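Hi,

Here is the structure I promised to send over.

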Amino acid sequence: MEKSRKTFIGLVDKAIAAASTMRRDELLFSHKGILYPTTVCSPETFKALESFEARNDDVILAAYPKSGTNWLSQILTDLIAISQKKTPGSESSVNAEEPEFPYLEVGDAEKYERMTKLLSPRFMVTHLRPENLPKSIFKNNAKILLLIRNPKDVATSFYHFCNGLPSLPSYETWDDFFTDFMAKKMAWGCYFEYLSEWNKYSDKENIMTITYEEIKENPALSVKNMATFFGIALTEEELQLVVERSSFQSMKKNSDKTHGSLGKVLFRKGGVSDWKNLFSEDQNEKMDKAFEEHIAGTTLGKKLKYDLYCKV
Ligand code: A3P
């Protein structure tokens, strides 16, 4: 197995094991008013992150949880491999020998020191809001791919994830989860605040926004656009390979190898509109109202095509 996947699976397994000895109310802790999972984040790591020095050629994926982060992680990792004339899916990254867990805010406080030794381009993923990212990311104009997904499918996916992953508080009912989702009690904070904060950066040249739904609609065009944004040249065959390897079916089939026990929880339905199986009329109204109040009029809000994907 690739070393980088071993690192990933190892950290997830450790987090799951640690969670098994914890009470539900210990699973999340608050940092600067936002909740994070205790098993993978810590105040020490957040402190160390402040002085992380980003590079201009870092490849950064930013997404609120359950927006398709793992999907795009694979696409970007494959694109980086291609840019280095390596085969996607093999020991692809230049840093495969000393892999770090790709989530910037996850891990021990020493990881940023180790990351200074990694060769470029470094790939990293984050669920953090922009104001909580190290300042150097914006100062050094690192490129960020911002992935967003409609709030109803995000909430639906998050609910099932919380009930499948022991590191997050589980819920007896969907109604209980919905109440907490709307009351900003999720790990990594409130969906609406996340989008409002990122909206302030949406017109920056070094940030490209893409929606889960548009990638579903046209994966080849989306991959092509991502490659162009990161300055990676692709042949038609390479493009097809990346698209095939990142299809839901193919990622789900490979998930034992790539994600270990997390795979079964993560690769659930991989579609659009599963929210219709959970939302009551009242919950639809509440979500529609919150969307209207917080983000409907913003650039990111418009990109989400809420009427198409979220109206009954
Ligand atoms: P569902 O729970 O709706 O199925 P994240 O990686 O941010 O945790 O997001 C997980 C969501 O992305 C899950 O949504 C998962 O099924 C979906 N997903 C993962 N890989 C995918 C793929 N290759 N194509 C489409 N959706 C994918």
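For what comes next, a polar contact is a pair of N or O atoms within 3.5 Å; within protein, one must be able to donate a hydrogen and the other to accept it. Keep in mind too that this is a predicted model.

Let's start with Arg122. You'll find Arg122 in the loop that links α4 (111–115) to β4 (123–126). A polar atom of the Arg122 side chain sits 3.1 Å from the backbone oxygen of Glu53. Is Arg122 buried or exposed? Its relative accessible area is 2%, and buried means under 20%, so Arg122 is buried. Apart from neighbours within four places in sequence, Arg122 is in contact with a set of residues including Phe52, Glu53, Asp57, Asp58, Asn95 and Met115.

Next, a helix pair. Helix α3 (residues 69–83) packs with helix α11 (residues 236–245) at an angle of about 150 degrees, and their axes are 9 Å apart. Angles over 145 degrees count as roughly antiparallel, so that is what α3 is to α11. On the α3 side the contact is made by Gln74, Ile75, Asp78, Leu79 and Ile82, and on the α11 side by Glu238, Val242 and Arg245. Sorted by type, these residues are four nonpolar, one polar and three charged. The crossing of α3 past α11 is right-handed.

Last one: Leu168, in the loop between α6 (151–164) and α7 (174–182). Leu168 is buried too, at a relative accessible area of 7%. Leaving out neighbours within four places in sequence, its contacts include Leu27, Leu28, Pro37, Phe158 and Phe161.

Cheers

Technical notes
Residues numbered from 1 in each chain as written. Predicted model: local features only at pLDDT ≥ 70, side-chain atom pairs only at ≥ 80, totals over all residues. Heavy atoms only, no water. Helix = DSSP H or I, 4+ residues; strand = E, 2+ residues; numbered from the N terminus. Buried < 20%, exposed > 50% of the residue type's maximum accessible area, 1.4 Å probe, protein only. Contact = heavy atoms within 4.5 Å. Axes fitted to C-alpha atoms, helices over the stretch in contact; angles between N-to-C directions. Parallel < 35°, antiparallel > 145°, perpendicular 65-115°, else oblique. Left-handed = near helix turned anticlockwise from the far one by under 90°. Nonpolar A, V, L, I, M, F, W, Y, C, P; charged D, E, K, R; others polar.
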